[in-house]
Amino acid sequence: MSRLTPDGIWRVFRDTVQRHGGGWTGIVSVIGRGIRVARALGMHGLLRRITASHERHAPMAHAVAHANLKPPIPADLLDMRIGIMIHMFYPDLAEEFSRSLSLVPRPFVLMISVVDDQAREQVQRQMQSLANMERLIIKVVANRGRDIAPMLLAFRDEILATDVFCHLHTKKSLYSGQEQTHWRHYLVDSLFGDMQRLAWILGMFQANPDLGLVYPESFRGVPLWGHTWLGNADWGRQLAAQLGLAIDTTQYLDFPAGSMFWARSQALRPLFELGLRLEAFPAEQGQTDGTLQHAIERMLGLVVRQQGLHLGILPTDGRLDLAGEGERNRHTYFQLPFAARLEQASFEARIISFDVFDTLVLRPFLEPAGARAYFGHVVQRRLGIADAARLRDEAEVAIRSEHHGVDPDLDTIYRTLAQRAGLPSDQAQAMQALELELEKRWLRPRQAVIDAMTVLKPDQLRIGVSDMYLGEPLLRAILPGEVTGSLSKIHVSCDTGWRKDDDQAWKHLSDITGIAPAHWLHVGDNEHADVQRPQALGFIHPVHVLRPSALFDVVPGLRVLRPSPQQRSRWQDQLWLGLVANHFSATADERPQDLVGSPVMRDPETFGYVVIGPLVVDYLAWLGRMTLARGARKLLFFSREGHLLERVFRRMQQAVPQFAQIQTHYLLVSRRGVNTAAIRSMDDLTHALGSSFTGTLRGLIETRLGADMANACTRILGDSDMQREVYLPDMRGQIITMLAPAQAAILEIAARERMAYLEYWNSLVEADEQVVVSDIGYAGSIQAQLSRLTERPLSGMYFALNASASQMETIGGEAFARFHDERAGDFSSPVMDHHLLLESILTAPHGQFSHFTIDEDRSYHAHFRVADSTDTSWETIKRIHDGIERFMLDATEAIGEDVINLDLDTRLVQVPLQKAARGRWTASGWDLTLSAEDMYTGRGNVLIHPA
């Protein structure tokens, strides 16, 4: 717990007073609340709350600098038309702004809007003698649309005549209850500050034609949840339709909160060309949200990015640097575990209400659209009805439109669907039953939220409040028992007709319960309905819980997993991303500090679940489909990677009837084991000497062909020759010549091992049986040697293959790769780049297979190298394997036999491996024992851990 300085105490007190109304009202409220906290939690509890409030404003990790930007052009070389536009609603701030404007290092046009003639005269006097000002334009505008309408309407032509312009306004925000002096100073100082800062910003625009907008990181008073559309979603959708933008009003977004920025005028041209009329902006009534101007503020960054231009976000610490995405004050969320936040917020509450979906229960899909897409897939497969998801959505939308936004219940939705689509009622009822069946299968408790209810007092009423189409009886039938058991009542909009997002639910429920808002705490994930509205109505400050999908917007290290529009439309990608997001949401609830910087994978199970699990499950689903497509019913998993792969595939077979007809075996095989057994002539040695090696001749023979072969060659060639340094592939022909005197011994040992291996092979595979082999891959060397040994073509299915896999064509076999195939022009991929990390994980608890020997009674015996994993490392690997299997089980629990149809985006599913291997997602020390055996090239055991 950090120690508060006197300055910190004053800042915490000042900010808390502001949040409670400001002035004497705020002071009295804070003092009274402090007394009540001390009574309830004791002085230590009060100090914990004060310290936690201080820590929420602690500096966060710096945003990642924009990697695509060039250094700025020096100020004396700037060649651009510069404009500065200020909406000066408060003309008494003209002198303050003139000090900033005097710092502009190059000629500029100054545009100022005021609301009356008296203000115009006052501003004219203050600004007329500014240095470097080429022209001053002052316009009187209506007090409508705040600073946004004057920019887009009054000064449209003047701004579009510039190359770069700055937009400012005299932000006091008195309607918020207190003048926002600190916010205004922060924004203006970030954009002006001094002449060096101004020159740097302007120089960045000139050096980088694709830089569209520069603005400060959000002021510390803007909450994380404020970086969403809030009550502006309807306006946002209307604007997006006019601009040709596709927006998701549930996502977090980057925008200049406070609407002060520097911009390339062409970057915002689409907004200027909307043809908006002043009447579209509401009359001024002190609105804090839900207006056209608030929606346009949030649209600024989206319009810039729509045109392929970059945002440049200035850091809060004053550095001259630009980030491509904002931090959005995420540190305010990731300071305390959910249970601690609930305990601190609830001590005065008489009632605690909870949102249901994404707050108390989670689905396995990233977004509701993913669940709906899978529902449509299942309906078509089981009932033969096409476009079921679309039909259902259209029916629900139609009812809402007809009934002015009132939520219908599920029965009404399906009756309407049947009428609109011309479906028989029994088919519509079957669809409805299937939807409920899937929901019941999917829903899992958000465990940390459920467990945290133990911190609440027994006399505090707990209810659920949800805007949705499932009434309370249906919800109680499909929700997990521990969720329904924790709530005395669930109020649902389709039952009551009251929604949270229009305040009706809160007003009616307050009347019904008789509990005033000041004693009501709400917990939920919807930033508008669950946080903003209750707070505005005077509730105890709500406890916000991020829905899992929001983590991919909010946590910089997880943003790489944000799906593209195409990926979002596929239920397969929505499933694995949803499972990964749910896993990280547990981290956010229980150990939020692990997501403040680089995401921390605290235990091996998490690594197995979020990094390797999706890769393995996708590979195995593909492997099963490919095996069936080749007409094969026998699948051989090469040791040692096959130890885990076969184990997980067998669990998968329990869910997929088509896969159950495939026989699987863990095949004892290694390059050393088949290299020797495949030698029928000295020419066959070339296949064992193909890849690189550095070391002694004896080391090469022992590694590639075995100790018996090395001993025999040493007896014949002598120890000195066998200790010579050799290099492959350069000396391959020379080595074969060197070994010629030992030909008889080599062929004899090879024949003996071949007889033993074929005895083993024939015990598993029938003579005319179609066989598929599975391995991580790379060159397909084992498959090729195994084909030569058994004298039959094989089909190989791999994670990755390099160009050398083309050798399969010469022996009649075939080889396919899931994630990387250099033969098809793939030259880089995370699976290939980090193959040693994969090998270190997909291993077995025994040493590498060496060879078989055979007795006179033709019984064979397997021989292994000494296990090269310590007990500690194997325990770590085993836990990783458990995480991988857990991911597979969660996937099969969600979609059952449809695991056969899992076909993930092969590039996106490799991203977690790339981030973990490069240290962007970090372990907590458990990874230091991982190693991979690379005897084949002479490197021995290679320690593997993130870069």
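Modeller: Histidine 528 sits in helix H22, which covers residues 527–536. Keep in mind that this is a predicted model. Is histidine 528 buried or exposed? Its relative accessible area is 17%. Buried means under 20%, so histidine 528 counts as buried.

Now look at what surrounds this side chain. Leaving out residues up to four places away in sequence, histidine 528 touches Leu230, Gly231, Asp501, Arg533 and Pro534. One of these partners deserves a second look. A polar atom of the histidine 528 side chain lies 3.5 Å from the backbone nitrogen of glycine 231.

Compare another histidine. Histidine 294 belongs to helix H11, residues 292–306. Histidine 294 has a relative accessible area of 9%, so it is buried. Its contacts, with residues up to four places away in sequence again set aside, are Arg146, Asn232, Gln287, Thr288 and Asp289.

Next, a residue in a loop. Valine 356 lies between strand E8 (351–354) and strand E9 (361–362). Its relative accessibility is 0%, so valine 356 is buried too. Which residues does valine 356 contact, beyond its neighbours within four places in sequence? They are Val361, Val465, Ser466, Leu479 and Ile490. Valine 356 and valine 523 are 167 residues apart along the chain, yet their C-alpha atoms are 9.4 Å apart in space.

Now move out to the nonpolar cores. The largest one holds 141 residues. Phe607, Ile612, Leu620, Phe799 and Leu842 touch the most other members. Helix H26, residues 604–629, gives the most to this core: 14 residues. A second, separate core has 88 residues, among them Phe108, Ile138, Leu245 and Ala257.

Go back to leucine 620. Not counting residues up to four places away in sequence, leucine 620 touches Phe637, Leu645, Val648, Phe649, Met652 and Phe659. Several of those names come up again in helix H27. The buried residues of H27 are Gly642, Leu644, Leu645, Glu646, Val648, Phe649, Met652 and Gln653.

Finally, check the length of that helix. Helix H27 runs over residues 642–653, which is 12 residues.

Conventions. Residues numbered from 1 in each chain as written. Predicted model: local features only at pLDDT ≥ 70, side-chain atom pairs only at ≥ 80, totals over all residues. Heavy atoms only, no water. Helix = DSSP H or I, 4+ residues; strand = E, 2+ residues; numbered from the N terminus. Expected span 1.5 Å × (residues − 1). Buried < 20%, exposed > 50% of the residue type's maximum accessible area, 1.4 Å probe, protein only. Polar contact = N/O pair within 3.5 Å; in protein donor to acceptor, adjacent residues only side chain to side chain. Contact = heavy atoms within 4.5 Å. Core = buried A, V, L, I, M, F, W, Y, C linked by side-chain atoms within 4.5 Å.
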